[in-house]
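The sequence and structure are shown first.

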Amino acid sequence: MRTKEEACTFALSFENTYLDTPFRRAEWQLVRIKDSKKTFLCVYEKEGFINLNVKVSPEWRDFWRSTYASVMPGYHQNKEHWNTIILDGTVKEDDIKRMIAESYDLVTDSPTKRIYEAVKRIPKGHVATYAKVAEMAGNKKMSRAVGNALHKNPDPDNIPCFRVVNSKGELAPEFAFGGMGEQRKLLEAEGIEVKDNRVDLSKYGI
């Protein structure tokens, strides 16, 4: 990867992204997330080479800088959270793509997104509590946030929030997608026994 076009084309292959040129200096191009408008890739020319600024997690920041002389603290950005990659041919293309992908993941990460991804991992025929989903999403203390996120579930067909019950195994009285009766129906269709609108959590190791 040596050109602006290659870098931008790869970055734009990620979901919900667009190319922006907000500065007077047209050689600076940004690839952003559509919903949040957050930038995860800056592309520009400096001293004869195409440079890429990518967001980086602290645990990987120094690794990349020590692995490649052409990866250095972010130019014109917070040097604790951004790296600059100089496309001079010394950085492996797979590693460039990995760094861009990591930047995208960091910028698009949110508690709500992690909650939805956690719910997707609940196996068919099983249930999880709000607290368990919070733990799976990386923060045991955000059980309330789990409830709020599931109430606003944007894709109930693929994010099976009906598999989530409270700490007593009770179904949601105000299940957002058809009420308690619908949640019970969906659980029973997967072979989960529901008695008095409650699931026996001990059967699922909870």
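W60 and F63 lie 3 residues apart in helix α2 (residues 58-67), so about one helical turn separates them. The model is predicted: local features need pLDDT of at least 70 and side-chain atom pairs count only at pLDDT 80 or more, while totals for chains, interfaces and linings use all residues. Residues are numbered from 1 along each chain as its sequence is written, and side-chain values use heavy atoms, with hydrogens and water left out.

Rings of Phe, Tyr and Trp (its six-membered ring) pair if their centres lie within 6.5 Å; planes under 30 degrees apart count as stacked, over 60 as edge-to-face and the rest as tilted. By this rule there are 11 aromatic pairs, including the two tabulated here.

| Pair | Centre distance | Plane angle | Class |
|---|---|---|---|
| Y44 and Y75 | 5.7 Å | 35° | tilted |
| W60 and F63 | 5.1 Å | 85° | edge-to-face |

Y44 in strand β3 and Y75 in the loop between β5 and β6 (82-86) are 31 residues apart, and their pair links distant parts of the chain. Y44 counts as buried at 1% relative accessibility, whereas Y75 is partly exposed at 31%. One aromatic cluster is formed by F10, F14, F40 and Y104.

Next, the sheet. Helices (H or I, at least four residues) and strands (E, at least two) are DSSP runs, numbered from the N terminus. Two strands pair if DSSP finds at least two bridges between them. The open sheet has 6 strands in the order β1-β2-β3-β4-β6-β5, with antiparallel pairing. β1 (17-20) and β5 (71-73) each have a single partner strand, so one side of each lacks a neighbour in the sheet. From one strand to the next, the twist averages 25°. β3 (residues 39-46) and β4 (residues 49-55) pair over 6 bridges, and the bridge partner of C42 in β4 is N53.

Which helices pack at an angle of about 80°? They are α4 (residues 111-120) and α6 (residues 143-151), with axes 10 Å apart. Axes are lines fitted to C-alpha atoms, for helices over the stretch in contact, and angles run from 0 to 180 degrees between N-to-C directions. α4 and α6 are therefore roughly perpendicular (65 to 115 degrees). Their contact (heavy atoms within 4.5 Å) is made by T112, I115, Y116 and V119 of α4 and A145, V146, A149 and L150 of α6.

Terms used
Angles under 35 degrees count as roughly parallel, over 145 as roughly antiparallel, 65 to 115 as roughly perpendicular and the rest as oblique. Buried means under 20% relative accessible area, exposed over 50%, partly exposed in between (1.4 Å probe, protein chains only).
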